[in-house]
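Let's take a walk through this structure together, moving from its strands to its helices and then to the spaces inside.

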Amino acid sequence: MTAHGSAPEPPIADTSTAQQREADAGTPVVDTANAWLDDGVNRCARCGSTEIQLRVSTGHLVCLFCRHEWTEAHIEPLVAGEGSLRDLTGTVIASGATDLVADDGMLTMKCSGCGAEVVVNTAEATSSRCHWCRHLLTVNEQVPNGAVPDAVLPFSVTRDQAVEHIKLFAQKRRTFAHRRFVKEFTPGNVVGVYLPYMVVDSNASGDVHGVGEVETRQYTRGTGDNKRTVYDADVHRVERHVDLTVDDLTLESSTERAHMNAFVNTNNVINTILPFDTKNAVQWNASYLVGYTSERRDADVAALVPELEDQLLSIVRSQVQSSVKTYDRGVRWEGERLEVHGTRWVSMYLPVWLYSYYHDEGGTPMVHYIAVNGRTGETMGSVPVSQWRLVTAALVTGTVLESIVIAMLGLW
């Protein structure tokens, strides 16, 4: 059920510039703004309270006063409509994914409870409490600085469940973990965070061409130490064409998270806990973020197009593999081409439980992460290892294997 509240006075800030600019440029923009929240005050439809937060066990918002529960509408029907992905042409952008506008991130909101003006720094938070009447004001208007996405996928894995997942992950790696990490490991410090992603639908075609070889004969030439095996093969020209549609491909829209420098951190673990059930994402409501942290999107659609095309080409290569198995000596691809007929972009917050550990070994700092998918519980991460334990294990294993081989050869 989608609840609707009254419509008090709107925020003071002007937030239409980015959407207007996209529209002026001829790019279709799907308006995903949650209209009934544009006053910045999230009220319970039953009692009017603004004390609202996510109940993880149900995925619903719950009023902390009257216990009324509800959820926002799913974003998928609003953005995709009834059309098929095969019919998707051009670039369609949801209003929360429009180009970012450089600003200081400060938004002034008028409290509908008492009329006071409250400033929210959208670079750090999407809500603030009125210092006079204690109403909670949330940024629901789609501010063109990336602070407000089109949709949010609520947590369904509780904090206690995430802690258990992290404990189990670390326990399995305890043998070779650094002793300092084992001593300082405090899984209770896990933090729930909403990370910004672009969720993309695409209609595309790909072509690859190259040469494939089919072995016709195998024989030996030479004698003694000069013997060598010779292979004869027929060489064929190979071309393949693939038409594909991609539904809900997720791309990181935080340049800091997309920058995977394995020498200073292990944030690449985030991509290993994909996928998310993005079909269950709901229309934006800042109350879903109460009690969690979040990061702001800082990448526009244009900046993410190369990454999208790279992933589409990977799919094309994967799709043709089953059709070239007859070339038993393999296929060497020499060229590829991708034509993107249409894309649809939606900005979305996805839920992740995150445990981080700062480790400094010999003056080389490294931040290790253990991440838990906030929907499926899938867990991946890294822990600092003890080098001498690894070396000792390798030596012991090598010695044992060598003894077995010697015994099997009858040399003992």
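Two strands are said to pair if DSSP finds at least two bridges between them. Helices (H or I, at least four residues) and strands (E, at least two) are DSSP runs, numbered from the N terminus. What you see is a predicted model, in which local features need pLDDT of at least 70 and side-chain atom pairs count only at pLDDT 80 or more, while totals for chains, interfaces and linings use all residues. Residues are numbered from 1 along each chain as its sequence is written, and side-chain values use heavy atoms, with hydrogens and water left out.

First, the overall picture. The chain holds seven helices and 17 strands. Of its 412 residues, 44% are buried, where buried means under 20% relative accessible area, exposed means over 50%, and partly exposed lies in between (1.4 Å probe, protein chains only). Count contacts (heavy atoms within 4.5 Å) between residues at least 6 apart in sequence, and 75% of them join residues at least 24 apart.

Let's begin with the hairpin of S16 and S17, which has five residues between its strands and a positive phi near 85° at Gly-377. Strand S17 (residues 379-381) runs antiparallel to S16, and three bridges join the two; Ile-370 stands opposite Gly-381 in S17. On its other pairing, S16 meets strand S15 (residues 331-361) in the antiparallel sense over 10 bridges. In that pairing Val-352 stands opposite Asn-373 in S16. S15 and S16 also form a hairpin, with two residues between them, and Gly-362 in the turn has a positive phi of about 60°. How enclosed is S16? Seven of the 10 residues of this strand (residues 364-373) are buried, so the rest of the structure largely encloses it.

S2 is joined to strand S3 (residues 60-63) by four antiparallel bridges. Here Arg-55 stands opposite His-60, and Ile-52 has Cys-63 as its bridge partner. Four residues separate S2 and S3 in their hairpin, where Gly-59 in the turn has a positive phi of about 75°. S3 and S4 pair in the antiparallel sense over two bridges, with Trp-70 in S4 as the bridge partner of Leu-61.

The loop between S3 and S4 contains Arg-67. This residue has a positive phi of about 65° although it is not a glycine. Most residues other than glycine have a negative phi, and most peptide bonds are trans. Arg-67 is partly exposed, with a relative accessible area of 44%. Asp-248 also has a positive phi, near 60°, without being a glycine. Asp-248 lies in strand S12 and is buried, with a relative accessible area of 16%. As for peptide bonds, the one from Leu-274 to Pro-275 is cis, with omega near 5°; Pro-275 lies in the loop between helix H5 (255-258) and strand S13 (282-283).

Next comes helix H6 (residues 301-320). At 1.5 Å a residue, its 20 residues should span 28 Å, and the end C-alpha atoms are 28 Å apart, which agrees; the expected span is 1.5 Å times one less than the number of residues. Which residues of H6 are buried? They include Val-301, Leu-304, Leu-308, Leu-312 and Val-316. An α-helix has 3.6 residues a turn, so residues three or four places apart point the same way. The buried residues of H6 pack against strand S5 (90-94), strand S11 (191-221), strand S12 (228-252) and S15.

On a 1 Å grid over the protein atoms alone, a cavity is a set of points where a 1.4 Å probe fits but cannot get out, and its lining residues have an atom within 4 Å of a point. Among the residues lining the largest cavity are Ile-75, Val-199, Asp-248 and Met-348. Helix H2 (75-80), S11 and S15 are the elements that give two or more residues to this lining, and H2 gives the most, with four.

Terms used. On a 1 Å grid over the protein atoms alone, a cavity is a set of points where a 1.4 Å probe fits but cannot get out, and a pocket is an open set with protein on both sides within 12 Å along at least five of seven lines; lining residues have an atom within 4 Å of a point.
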